[in-house]
Amino acid sequence: MSRDIDTIDGFTDQLKEWYQNDYKGFKTLFDAAVANVQPIPEGQDPKVVYDWKDKSIGDLCQFFKDWYMWLPEIETGLNYIQKFGWLYYKNRYGQCFVTIGPGYLMTKQFVQLRGDYFNSPASRPLVEQWIESLGDIMQEFIVPPGGFKSYNDFFIREVKPGARPIASPGDDSIVVSPADCVINMIVDNLTEETNISVKTVSLNVKQLLNNSYYASKFVGGTAVSCILLPNMYHRYHSPVSGMVVESDEDVAGEYFGIKEFPDFLNKGDVGYGYDYSVFEHFRRGYLIIKTSNYGYVGMIPVGLNTVASVVFVNKFKQITSSDTPVPIAKGDEIGWFQYGGSLNMG
């Protein structure tokens with residue numbers, strides 16, 4: 001009953017059809033999600049509030065139409081993500097609705113629709129708005145001849161040579177940040193499979209690395225998060241030098257479902273003290289680097305919400321044990337995210 005979707009009207013018509021026929025439990029799960037919506041905590045910005053209590057399939061369709069037509073500004077880039085998040089905020093029925101079956105497909109199709117728009121010339125007017133808002137910082141970036149062709153062309157803009165100098169390029173004991181980001185410690189005593197909690201934080205390394213043979217190499221190691229916000233440079237680079245022994249830019253996973261998204265934003269202190277285990281199930285890529293003297297370093301770009309576009313440069317897209325390891329230098333570009341707030345874990 002699912003079909004190729006290339007317009008927002010076709011998308012919402014499909015949702016109505018799924019609901020009417022309870023396609024693979026779509027109606028059952030949506031109704032359960034709505035019936036179990038949790039109260040929105042006090043003190044929220046009205047611009048990010050949407051009360052899903054007692055909402056109908058018509059309301060859901062209109063919400064997606066409004067979201068599709070909405071153009072994000074630097075200050076409002078996460079607003080609709082937060083509005084949608086109240087449907088599954090501390091709501092296990094809502095979590096199920098957006099992460100399994102047709103509800104999962106719904107989120108995937110909507111992300112693709114938004115991505116198609118931001119890849120099209122129709123999104124160019126938004127580019128000038130963001131360039132004006134970013135102001136002098138745009139002097140650090142390369143503007144191609146004729147300007148940016150689309151919003152995503154602008155969003156993955158490149159920095160000028162020398163704009164991001166690499167710290168101690170000849171000293172392999174110095175690890176550099178992979179991106180412009182907010183950095184948080186996650187855990188400093190990793191295990192391979194067992195979730196070890198540190199202040200409510202837990203990770204399953206084997207699952208994050210898609211059952212890689214190299215997962216055991218990270219036992220006892222340290223994990224940090226590097227969160228990219230919408231106004232930041234959205235390409236990511238190698239934190240160390242060495243040989244890439246394994247990589248995969250396309251590990252399938254969920255698009256939405258952070259059950260406590262307001263806690264993740266944490267009043268501006270993004271990601272601090274958050275339980276990152278939720279990202280074990282998100283759409284992501286990974287790359288494993290063997291260093292000369294310091295063991296292995298893993299990097300896991302995670303596509304969150306309306307991003308989901310984890311893109312690696314060609315030579316790092318898919319490296320397996322049967323391939324010759326690929327050399328990489330500290331600061332080398334690995335890939336990029338398209339529109340949205342994004343995350344690297346390593």
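The structure is a predicted model, in which local features need pLDDT of at least 70, side-chain atom pairs count only at pLDDT 80 or more, and totals for chains, interfaces and linings use all residues. Residues are numbered from 1 along each chain as its sequence is written, and side-chain values use heavy atoms, with hydrogens and water left out.

The protein contains 10 helices and 11 strands. Helices here are DSSP runs of H or I with at least four residues, strands are runs of E with at least two, and both are numbered from the N terminus. Of its 346 residues, 53% count as buried. Buried means under 20% relative accessible area, exposed means over 50%, and partly exposed lies in between, using a 1.4 Å probe and protein chains only. Among contacts with a separation of 6 or more, 73% are between residues 24 or more positions apart; a contact means heavy atoms within 4.5 Å.

Let us now return to the sheet. It is open, has three strands in the order β3-β10-β7, and its pairing is antiparallel. Two strands pair if DSSP finds at least two bridges between them. At the edges are β3, residues 235-237, and β7, residues 310-312, each of which pairs on one side only. From one strand to the next, the twist averages 25°. Strand β10, residues 333-337, is joined to β7 by three bridges, and three bridges also join β3 to β10. Is β10 mostly covered, or mostly open? Four of the five residues of β10 are buried, which leaves the strand mostly covered.

I turn next to the helices. Two packed helices are described by the angle between their axes and the distance between the axes. The axes are lines fitted to C-alpha atoms, for helices over the stretch in contact, and the angles run from 0 to 180 degrees between N-to-C directions.

In the contact, α1 supplies I8, D9, F11, T12, L15, K16 and Y19, while α3 supplies I57, L60, C61, F64, K65 and Y68. By class, these are nine nonpolar, one polar and three charged residues. Nonpolar covers Ala, Val, Leu, Ile, Met, Phe, Trp, Tyr, Cys and Pro; charged covers Asp, Glu, Lys and Arg; the others, Gly among them, are polar.

With α1, the angle is about 175° and the axes are 11 Å apart, which makes the pair roughly antiparallel. Here I8, F11, Q14, L15 and W18 of α1 meet P102, L105, M106, Q109, F110 and L113 of α6. This contact has nine nonpolar, two polar and no charged residues.

With α3, the axes come within 11 Å and cross at roughly 25°, so α3 and α6 are roughly parallel. Their crossing is right-handed. From α3, the residues L60, F64, W67 and Y68 meet M106, F110, L113, R114 and Y117 of α6. The classes are eight nonpolar, no polar and one charged.

Finally, I131 lies in helix α7, residues 124-134. With a relative accessible area of 23%, I131 is partly exposed. Beyond residues up to four places away in sequence, I131 touches M138, F148 and F154. Between I131 and F154 there are 23 residues of separation in sequence and 8.9 Å in space, C-alpha to C-alpha.

Thank you for your attention.

Notes:
Parallel < 35°, antiparallel > 145°, perpendicular 65-115°, else oblique. Left-handed = near helix turned anticlockwise from the far one by under 90°.
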